[in-house]
Each structure stands twice: as C-alpha cells, then as structure tokens.
Amino acid sequence: MLKCIGVSKRFGGLQAVDNVDLSVKKNEIAGLVGPNGSGKSTLLNLISGVYKPDSGKILFLDEEISNYPSHRICSKGITKTSQSVQSFPDMTAVENVLTSLLFAKGNLGKTQSLAQAEDLLNFVGLDKTKYYQPAKNLNVVELRRVQLAKALGTKPKLLLLDELLTGLTPKESDQAIKLIRLINKQGITVLIVEHVMRVIMGLCDRVTVLHHGGKIFEGTPKEVANNERVIKIYLGKRYLLCDD
Ligand SMILES: Nc1ncnc2c1ncn2[C@@H]1O[C@H](COP(=O)(O)OP(=O)(O)OP(=O)(O)O)[C@@H](O)[C@H]1O
Ligand SMILES: [Mg+2]
C-alpha cells in the first residue's frame, strides 16, 4: 500500500531521515520505533506531506505522492495524528471533528454531520460531558481522543499514529490497543510510532527500527526484541529473552 524508497530529509546540518526504505502492506499494523530524535516523526511528516523529501520517492497505492501537498495526500487516504496534540482550541470537541467530516465529504446536513461527529467521539471513548466543551478545556488524553476521531472523520485508508498512546495509564493504553485493533479490523491500515514496547509488541505485525535517521532493522516484534543491535541501541537488556 505504502512504499518509501530511499527517502531522505535534512534540516541544516542534520540528516533527520537517511535513505530509508519502508513499506506498509494493506491491512497490516506496522510499527516504527527508535530512540528520541531518530527520525520517526520526520518520516511520518514526509509521508503525510508536511515536509517534502530531499531525495527518494513515496508511493501510495502505486501513485507517487512525494510532492503532493498534505490536503491532497489526505484526500488520497493518508491521515496522521500529531505527536504534539493539535486542535482548534476555541471550537468544541464536536466542532473539531466536524472539520474533518466536512473536509472528507463536503457539505453534509447539520443534523447528519453532528450525529456522525458524536458517533466518532463515542467510538474513541470521549466522555459525553466533553462533547460540547471547547477543546482548550480538555486534558491531553481527551485531546488525543478528539484527534483520533478527527483523523477517522477523514475516512483514511492508511492511518499514521505518532505516539498517540503517550501519557495513558496502563488500563487506558490497553483500551487504546483494543481500539486500534478494531479500527484495523474495519479495514484501515495502520503505521504506528510508539515508545511503549508493550503496545508495539501487542499490536504490530512488523516493526521497523530507526537510528540517527537510518533504518537499522526490520522484522516481527519478536525478531526486533531479540536483535542484539536493537537491544544495545534502543531497548536495553530487559527484552533480551522475550519469547512472545
Ligand atoms: N522542523 C525541524 N527543523 C529542524 N530540525 C528538526 C525539525 N524536525 C525535526 N528535527 C530534528 O530532526 C531529528 C529527528 O527528529 P524527529 O522528531 O523526527 O525524531 P523522533 O524519532 O520522532 O523523536 P522522538 O522520539 O523524540 O519523538 C531531531 O534531531 C530533531 O531535532
Ligand atoms: Mg517523534
């Protein structure tokens, strides 16, 4: 579904993404991990059109999208949630979700679009008392739910999640894992960046590891958890004997 071929991005003297090949197959949940500053968010920003690659190509459903603007990439079916939570602070949670429903579908009837926005907020588990609160009154975990609902409102084929689960309690993150599985079962392919390895292990079919902008390993979660280089650079010893 998605192919990044030799993709690079430099910021001044810093090679943030260095000649990375990455592919995501239709219907899978793919993971992207690596130490802080290894280029994960930059790669997602390249795929979603926030940045343009200096070199290399990005193909989505066999069409080159490397130089498309973000809104066109989103219309093609790729939507990203941001690591730093973004919202329209003075608009309510429902209105925030309406923006993406309107983007995806153009003019909807008011009643129909409000119902769809509420359905999406219900699906992502936002407390009903928060639906008509301005986004600026919501906490970061609630905003992440709104952001996910907003992303789903664009009807993505490929959903890019950049540390969506950061800051959740273990119980909340278990619920989020179930939610992402459910989203995937509904036919949405997922590429997820996450530091919490329990999430990556529990969700992903395949994992790519970045270090200093370059790809250092790709494999199943089990292979990643048992690879000595990945353990040394990123995971630490506790994953050495992981067998499931
Ligand atoms: N817009 C930018 N301008 C300059 N440097 C940038 C920019 N965006 C990212 N960088 C730098 O590029 C490198 C890769 O950053 P990136 O945010 O992609 O890392 P990351 O793997 O997502 O890290 P983290 O796990 O901390 O989120 C870092 O050194 C970062 O400081
Ligand atoms: Mg990041």
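Is Ser38 buried or exposed? At 1% relative accessibility, Ser38 counts as buried; the terms here mean under 20% relative accessible area for buried, over 50% for exposed and in between for partly exposed, with a 1.4 Å probe and protein chains only.

The model is predicted, so local features need pLDDT of at least 70 and side-chain atom pairs count only at pLDDT 80 or more, while totals for chains, interfaces and linings use all residues. Residues are numbered from 1 along each chain as its sequence is written, chains are lettered from A and ligands numbered from 1 in the order in which they are written, and side-chain values use heavy atoms, with hydrogens and water left out.

1. Ser38. This residue sits in the loop between S3 and H1; helices (H or I, at least four residues) and strands (E, at least two) are DSSP runs numbered from the N terminus. The Ser38 side chain reaches the backbone oxygen of Pro35 at 2.6 Å. That is a polar contact, a pair of N or O atoms within 3.5 Å; within protein, one must be able to donate a hydrogen and the other to accept it, and residues adjacent in sequence count only if both atoms are side-chain atoms. Beyond neighbours within four places in sequence, Ser38 is in contact with Ala16, Leu210, His211, His212 and Gly213, where contact means heavy atoms within 4.5 Å.

2. Ligand 1. There are 15 residues around ligand 1, and the closest are Gly37, Lys40, Thr42, Gln83 and His195; a residue is counted if one of its heavy atoms lies within 4 Å. A polar backbone atom of Gly37 is 2.8 Å from an oxygen atom of the ligand. For Gly39, a backbone N or O atom lies 3.0 Å from a ligand 1 oxygen. Gln83 uses its side chain: a polar atom there lies 2.8 Å from an oxygen atom of ligand 1.

3. Ser41 counts as partly exposed at 21% relative accessibility, and Gln83 counts as partly exposed at 36%.

4. Six-stranded sheet. This open sheet has the order S6-S7-S8-S3-S9-S10 and mixed pairing; two strands pair if DSSP finds at least two bridges between them. At the edges are S6 (78-81) and S10 (214-219), each pairing on one side only. From one strand to the next the twist averages 20°. S6 and S7 are parallel, with four bridges, and Ile78 stands opposite Leu158 in S7. Ile78 and Lys80 point one way from S6, Thr79 and Thr81 the other way, and all are buried.

5. Helix H6 (residues 170-185) lies across S3 (29-33), S7 (158-162) and S8 (189-193), at about 150° to S8. Helix H9 (residues 228-235) lies across S3, S9 and S10, at about 125° to S10. Axes are lines fitted to C-alpha atoms, for helices over the stretch in contact, and angles run from 0 to 180 degrees between N-to-C directions.

6. Four-stranded sheet. A second open sheet has the order S2-S1-S4-S5 with antiparallel pairing. S2 and S5 (63-64) are at the edges, each with a single partner strand, so one side of each has no neighbour in the sheet. Seven bridges join S1 (residues 2-11) to S2 (residues 14-24), and Phe11 stands opposite Leu14. These two strands form a hairpin with two residues between them, and Gly12 in the turn has a positive phi of about 55°. Five bridges join S1 to S4 (residues 55-60), where Ser55 stands opposite Ser8.

7. Leu46. This residue is in helix H1 (residues 40-47) and counts as buried at 1% relative accessibility. Leu46 and Ser8 are 38 residues apart in sequence and 9.1 Å apart in space, C-alpha to C-alpha. Leaving aside neighbours within four places in sequence, the contacts of Leu46 include Val7, Lys9, Val17 and Ile58.
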